[in-house]
Amino acid sequence: MAATSTGATYGRDQADALRAAVTRIVTDTPVTDIHTHLYAPPFGELLLFGIDELLTYHYLVAELLRVSNVSYDAFWAMPKPAQADLVWKELFLERSPISEACRGVLTALDRLGLDTASRSLGDYRAWFRDRDPNAHIDAVFARANISSAVMTNDPFDDLERPTWEAGYAGDPRFHAALRIDPLLNAWPAANRRLSQFGYDVGGSIDTPTINGVRKFLDDRITRMKALYMAVSLPPDFAFPEDSARAKLLEHAVLPAARDHHIPFALMVGVTRQVNPALRLAGDGVGYASLAPLHHLCAHFPDNKFMTTYLARENQHELCVAARKFRNLLVFGCWWFLNNPSLIDEMTRMRIEMLGLSVVPQHSDARVLEQVIYKWDHSRTVIAQVLADKFADLVRSGWTVTEDEIRRDAATLLGGAFWDFARR
Ligand code: FIX
Ligand code: ZN
């Protein structure tokens, strides 16, 4: 029994109380949401919120366009409230909203105090119209029990750039992550933009161009105070290879991440636009080789890598990879994996194979209020998994204190990320 701990101690005979304590503590522990598509208020229209945005989330658009007779073109030609009306009618009223994305809208409305039994879209719209945006962020973060969220900041985005250039002062609720998909996935276009921004880059990836890209990254990391750099990658991502991506990665991106002491996050397995008619909802998933990740972790030991893979089939070998490389942090159940059954499977496997040195989840929220449901649903699963693991421990005669549960929950819900980012 740990003599230094405070609060209750749970042993073999307190299994039910232990389970209740774990659930309470996981619910009460604030989380750092390490990957979202949310933005601080100065980014204006980039911060999406409200019922029409919730209903037109691309997860729901994909579900709508499976069941509705509306053509893709006709759907996209509709104003957003009409799109939201259609989603509500087709996915909530004409069939029960049992998919995870539908359920999520209802969880968010319910936790905000709205009456989901009323099924009154008009009332929901009226409620959201009356919110003061800044206070609403605080209320939503409090409801989701998020201490802060990490944005996804694309330095090539014309909507985002002006806010940074105007000297955006920061907001303690939102951190930045420098997202460099255009640089690594569409080099010719990125190259032209870098020249327009005034960086000295040429068509071929030679030393002056590498220096120009490096300067661009240094400037953006510093300006944004980026917590990490990130890229999403297709299933056929290869490294090393003779490509613009591999050269830029090796000679500009990894040295920049290393010198700024920030992790580089690889989000692997997305096949963009398998159905372009679905627009943002049109991306797919593919199984990826982990050989490039092994190579990166082994050959760049002074770099810190964070990673999430989109294919369920990649999850076990990813856990094995993380056991091999201390400079690798696995995070989140990304996108098509963010469903309770898969979160349960992945979280169990990760904790069994990696203990507490993992970031079980991120929200990927694109609409402010989604953090409520994404964290509500994920916390429930994380708490169940953790409770089962602690129950297994006490069956061996081990005892667990409330302080220890609190410590471990804090590690899973943010501490592991901050330790890795700062080390
Ligand atoms: O690339 C990403 O960060 C993805 O998460 C998004 O692009 C995707 O559209 C999404 O919202 C997934 O949840
Ligand atoms: Zn994302």
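**Figure 1. Residues surrounding ligand 1 in the predicted model**. By class, the shell divides into 4 nonpolar, 3 polar and 4 charged residues.

**Figure 2. Polar side-chain atoms beside the oxygen atoms of ligand 1**. A polar side-chain atom of Tyr59 is placed 2.5 Å from an oxygen atom of the ligand. For His35, the distance from a polar side-chain atom to an oxygen atom of ligand 1 is 3.1 Å. His37 likewise has a polar side-chain atom 3.1 Å from an oxygen atom of ligand 1. On its own, ligand 1 has 320 Å² of accessible area, of which the protein covers 98%.

**Figure 3. The largest pocket, which is the space taken by ligand 1**. This pocket holds about 600 Å³ of space. Its lining comprises 26 residues, and those closest to the centre of the pocket are His37, Thr152, Arg179, Arg272 and Arg366. Helix H3 (58-67) and helix H10 (181-185) are the elements that give two or more residues to this lining. The lining of the largest pocket consists of 10 nonpolar, 6 polar and 10 charged residues.

Figure 4. H3 and helix H5 (80-93) each contribute at least two residues to the lining. H3 also gives two or more residues to the lining of the largest pocket. In the second largest pocket, the lining divides into 9 nonpolar, 4 polar and 5 charged residues.

**Figure 5. The cavity found in the search of the whole structure**. The search finds 1 cavity of 30 Å³ or more, and the volume of the largest cavity is about 30 Å³. The residues lining the largest cavity are His35, Thr152, Ala177, Arg179, Tyr228, Ala230 and Met267. Strand E4 (174-179) and strand E5 (226-233) are the elements that supply two or more of these residues. By class, the lining of the largest cavity has 4 nonpolar, 2 polar and 1 charged.

Technical notes. Residues are numbered from 1 along each chain as its sequence is written. Chains are lettered from A and ligands numbered from 1 in the order in which they are written. This is a predicted model: local features need pLDDT of at least 70, side-chain atom pairs count only at pLDDT 80 or more; totals for chains, interfaces and linings use all residues. Side-chain values use heavy atoms; hydrogens and water are left out. On a 1 Å grid over the protein atoms alone, a cavity is a set of points where a 1.4 Å probe fits but cannot get out, and a pocket is an open set with protein on both sides within 12 Å along at least five of seven lines; lining residues have an atom within 4 Å of a point. Grid points are joined across faces, edges and corners, and a volume is the space filled by probe spheres set on the points. Helices (H or I, at least four residues) and strands (E, at least two) are DSSP runs, numbered from the N terminus. Ala, Val, Leu, Ile, Met, Phe, Trp, Tyr, Cys and Pro count as nonpolar, Asp, Glu, Lys and Arg as charged, and the others, Gly among them, as polar. A residue is near a molecule or strand if one of its heavy atoms lies within 4 Å of it. A polar contact is a pair of N or O atoms within 3.5 Å; within protein, one must be able to donate a hydrogen and the other to accept it, and residues adjacent in sequence count only if both atoms are side-chain atoms. Accessible areas come from the Shrake-Rupley method with a 1.4 Å probe; for residues, only the protein chains shown count as cover. A molecule sits in a cavity or pocket if more than half of its atoms lie within 2 Å of its grid points.
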